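Let's take a walk through this structure together, one piece at a time. Keep the picture open beside you as you read.

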Amino acid sequence: MHQATKILTRSPLHLVLIFLALIWTLPTAGLLITSLRPPQDVAQSGWWTVLAHPFNFTQYTLQNYDSVLTKEGMGRAFLNSLAITVPATVLPVLIASFAAYAFAWMKFPGRQFLFVIVVALLVIPLQMTFIPILSIFARIRIAGTFPAVWLAHTGYGLPLTVYLLHNFIAGLPRDLFDSAAIDGASSLTAFFKIVLPLSVPAIASVVIFQSLWVWNDLLVALIYLGGSPNVGPITLKIANLVGSRGQNWELLTAAAFVSMALPLVIFFSLQRYFVRGILAGSLKG
Amino acid sequence: MRTKRWTPWVYVAPALVLLTFFLIYPSINTIRLSFFDRRAETFVGFANYVYSFTNSAMLTAFRNNALWVAVFTTLTVSFGLILAVLLDRVRYEKIIKSLIFIPMAISMVGASVIWKFVYAYRPAGVAQIGLLNSVVVALGGEPIGWLIERPWINNLCLIAVGVWMWTGFCMVVLSAAYKSIPRQLMEAARIDGATEWQVFWKVILPLLKPTVAVVSTTMVVFVLKIFDIVYVMTNGNYSTEVIANRMYKEQFSFWNYGRASTIAVILLVLVVPVMLLNIRRFRQQEATR
């Protein structure tokens, strides 16, 4: 009896939570199901109609994925996204770890001041930088190429990555560096043998955040690669598809799911680092 | 460690050079450009600023950004707070948290496609393929052009996409803060006869206030610069314009460097105070951790 009343009084709580979870899940479920239905079905009925016979597999097809990956150029765009994301993650994280290490453990004039400047740069909206940089890129003829976005993402990512890695590296125990110095280790040896291995948790979070930011970015790609479809990442491709194929939902949904696949895999496999990375990244300008 | 005097500079130089090139120099240049004409040739004084605060498209953008700031921030933070508190009481907390956090992983472009499909509109009498209109029709209503009905329905529909994406963030941050509140405080209040409602308003909320403040300012900064969702879903048509999209148009549709720069500077001026507040709070939190 006691158990029963407890369940009864708590049922509004469960209902509210399950209702919210449904609202949060249904749109994505609809996307996934639609991407697996034949074009004529998608145009004729809502995606939820498949739920009448969910295990009738004749109503599903991989044809849309085949179309977007080959005919619509999503395969190329996916590779472009990879080609942009990997260097645009490795570069800033490497450069930021060097800087963070120096700011945390080396003495040089202006250290405090420079570090404050680096963090203060977080307040600058990217929009402040587009016009002058684009005109320089155009002059040195790298607008519309991968190096343009690699460099841009590196520059934009540095304030946050330096700040976060500094917080972590500055917290490493002093004894480690003292004993390394006694052993005659150079600063570079200390960096590779002590700082990098011990900072793996912080670096993992920063890598996840930065790579996700770059992978999901539309604006920076639009500005520096906008006019060159051959090098455009997946986000740019989808934004264009929405314009040109706005009513072909089977293609749009398949394309969107292709773009979500990698982030979702990272999310499910590295959830703890992932959440930490996102939380840390919320400061990004 | 054996370090020469110039060693530290070797470590910080790449970062400093890139930051100067990508953030410091262009920002100064953009401020300068905002006082010049469309081709960055003739000095025009404050003409671009006068334009930005009088032009009707810009005024719509300001109004919409204000709407985004108010509605988006309120909804993400309240949903996040409600979920943080309620989920703590059930056993399936982890699963629901994951489900609500997932949208943070996908791009705003992907989210825009997902929701454009939810909002899909077809005339009455034809089978609706959009989830929202099919519900409306099933309840006996007429299908609604969610992204066209100006100015409230379509703007609120765009904001809903943002809320769907960012509630998970607010929930995770607030939940961590909530779980760090000593349980005895709430128990003591309950033993003194406080209702759950009173415990929430008198004990939980005051203790969560600093976190709510940080999360809210983070949301405000983010939303002032909102771009992707609007660019993909409506491109600012049907009075859904926002500041960042307006800047993109001035630059790449109208090729007006002066006006585009001015809008960027306005964005900076709006963001800086909130951002400074945010960084200061973030550092305080780090210090107490």
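Let's start in a loop. Find B:Tyr238, which sits in the stretch between helix H10 (228-233) and helix H11 (243-252) of chain B. Before going on, keep in mind that this is a predicted model, and that the numbers below are computed from it. The backbone does something curious here: B:Tyr238 has a positive phi of about 55 degrees, although it is not a glycine.

Now move along chain B to B:Trp255, in the loop between H11 and helix H12 (257-288) of chain B. Here too phi is positive in a residue other than glycine, with a value near 50 degrees. B:Trp255 has 11 C-beta neighbours inside 10 Å, so it counts as exposed. The cut-off that matters for this label is 12 or fewer.

One more loop in chain B deserves a stop. Between helix H6 (131-138) and helix H7 (152-179) of chain B you'll find B:Pro151. What kind of peptide bond joins B:Arg150 and B:Pro151? It is a cis bond, with omega at about -10 degrees.

Time to step back and look at chain B as a whole. Along the principal axes, the C-alpha atoms of chain B fill a box of roughly 75 × 70 × 35 Å. Of its 289 residues, 46% count as buried. Look also at which parts of the chain meet: among contacts in chain B between residues at least 6 apart in sequence, 68% join residues at least 24 apart.

Next, hop over to chain A. How many helices and strands does chain A have? There are 14 helices and zero strands, and read from the N terminus the elements are α from start to finish. The radius of gyration of chain A is 24 Å, well over the 19 Å that the globule rule gives for 285 residues, so chain A is more spread out than a compact globule. The box around its C-alpha atoms, taken along the principal axes, is roughly 70 × 70 × 35 Å. Of the 285 residues of chain A, 46% count as buried. As for contacts in chain A with a separation of 6 or more, residues 24 or more positions apart account for 78% of them.

Chain A is divided into domain 1 (2-61) and domain 2 (68-281). The C-alpha centres of these two domains lie 35 Å apart. They do touch: seven residues of domain 1 of chain A are in contact with six residues of domain 2 of chain A. On the domain 1 side, helix H1 (2-35) and helix H2 (39-44) of chain A each supply at least two residues, and the largest share, four residues, comes from H1(A). That side of domain 1 divides into four nonpolar residues, two polar and one charged.

What about the inside? Here's a general idea to carry with you: in soluble globular proteins, nonpolar side chains tend to be buried together. In this model, the largest nonpolar core has 173 residues, and the members that touch the most others are A:Ala99, A:Val149 and A:Ala255. This core draws at least three residues from each of domain 1 (2-61) and domain 2 (68-281) of chain A. Zoom in on A:Ala255: leaving out residues up to four places away in sequence, A:Ala255 touches A:Val68, A:Glu72, A:Met74, A:Ile238 and A:Leu241.

For a contrast, look at helix H8 (residues 174-182) of chain A. Of its nine residues, the number buried is zero, so helix H8 of chain A lies largely in the open. After H8(A) comes A:Gly184, whose phi is positive, near 80 degrees.

Finally, bring the two chains together. The contact takes 74 residues from chain B and 78 residues from chain A. Which helix gives the largest share of the side of chain B that touches chain A? That would be helix H1 (residues 7-33) of chain B, with 18 residues. The side of chain B that touches chain A divides into 56 nonpolar residues, 13 polar and five charged.

Technical notes. Residues are numbered from 1 along each chain as its sequence is written. Chains are lettered from A and ligands numbered from 1 in the order in which they are written. Two residues are in contact if their C-beta atoms, placed from the backbone, lie within 7 Å. Ala, Val, Leu, Ile, Met, Phe, Trp, Tyr, Cys and Pro count as nonpolar, Asp, Glu, Lys and Arg as charged, and the others, Gly among them, as polar. A residue is buried if 20 or more other C-beta atoms lie within 10 Å of its own, exposed if 12 or fewer, and partly exposed in between; C-beta atoms are placed from the backbone. Domain bounds come from an automatic or database domain assignment. The radius of gyration is taken over C-alpha atoms; the globule rule is 2.2 Å times the number of residues to the power 0.38. A nonpolar core is a set of buried Ala, Val, Leu, Ile, Met, Phe, Trp, Tyr and Cys residues joined through C-beta atoms within 7 Å.
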